[in-house]
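Please look over this chain with me. A short report follows, from one residue out to the whole fold.

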Amino acid sequence: MSQQSLIPPSDTDEFLSFFSQDSVRYVSGQKNIRIAYCHFIHSKNIASKLLILVNGRAENMLKWAELAHDFYQLGYDILLFDHRGQGYSQRLHTNEKGHLDRFRFYVDDMAKIITNVTALTSYKNQYLIAHSLGALISCHYLATHHHNIEKAVLSAPFFGVPLKSPWRDKFIIKLMILLGQGKRYVFGKKGFKPVDPKNNALSDSHSRMARMNKIHHKYPQLRLGGPTFRWLYLCLNAIKSLPSILPNIKIPTLILQAEKEQIVNNQTLSKLTALFPNAKCKIVPNAKHEILFETTPLRANVINQILQFLSSNDR
């Protein structure tokens, strides 16, 4: 199993430097795609609980450094990884296109990493926090794979695509696939573009958005542009199948909905939440899509809610 340093140990950012204590590891996913992950373990094996962090589209492990650091300091061992085609994992296209071969490969990759890590380290408790695309992938994993996760938190889940004209747009997407144009950028999307920290639909935290830009500036290999038609087509199919799989997720689930959401479509979120046997949805006031990377007071309140949920006796 190969390893490489995530960042130079001399990096001065507190949260990025947290990653210098470990090295990125790889497993061979479906079709032999290299999937990158990190497993942060407390010294002397004092932790008996594992928190699995599942990021969203175009994200990477360095962006999640702060959240990983926070929960590590709270006593959790941390497992996080980059989905195929992004971050430190092997790309599926030669440029910055956000492409995908099969959606179930996302799920199978996730299952392999969790199986490998938990086979080496025994945990009394396992929990999961997933964001956006990561929440969609996690739902398919929890519904279709054997696991020992006790509770899940889904932040701004990607349960709907904001289409201007759903019937027309879905027809165009399917037509592009039939015409063999699946590797083309979705109309209106292109290569990587830095976010404007002060004016964006992701978060009102200027500092956290600026840190994200800093990561992409210093480590250009982590950049990812817009999605391809095939990526969108496969995700739409995965969303379409949610009503049939969500009833299989028996564990307590907390869904966090951003009040100022503009990235995903929440039109059917209430109906989908009701399909979980044991789930509740909470609207996070004043939050944009990146709930876990919002302004410090808002984010602190959300993390406290997550901690209360994970530590409660709800079953």
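Which backbone oxygen lies 3.1 Å from a polar atom of the side chain of T253? That of I251 does, a polar contact (N or O atoms within 3.5 Å, one able to donate a hydrogen and the other to accept it; residues adjacent in sequence count only if both atoms are side-chain atoms).

The model is predicted: local features need pLDDT of at least 70, side-chain atom pairs pLDDT 80 or more, while totals for chains, interfaces and linings use all residues. Residues are numbered from 1 along each chain, and side-chain values use heavy atoms, without hydrogens and water.

T253 belongs to strand β8, residues 253-258. Strands are DSSP runs of E, at least two residues; helices are runs of H or I, at least four. T253 has 2% relative accessibility, so it counts as buried (under 20% relative accessible area, 1.4 Å probe, protein chains only). Beyond four places in sequence, T253 touches A152, L154, F276, N278, A279, K280 and F309. Contact means heavy atoms within 4.5 Å.

Now the whole chain. It has 10 helices and nine strands. Its radius of gyration is close to the globule-rule value for 315 residues, so the chain is as compact as a globular protein of that length. The radius is taken over C-alpha atoms; the rule is 2.2 Å times the number of residues to the power 0.38.

| Item | Value |
|---|---|
| Radius of gyration, chain | 18 Å |
| C-alpha box, principal axes | roughly 55 × 45 × 40 Å |

Of the 315 residues, 57% count as buried. Among contacts between residues at least 6 apart in sequence, 77% join residues at least 24 apart.

Methods
Buried < 20%, exposed > 50% of the residue type's maximum accessible area, 1.4 Å probe, protein only.
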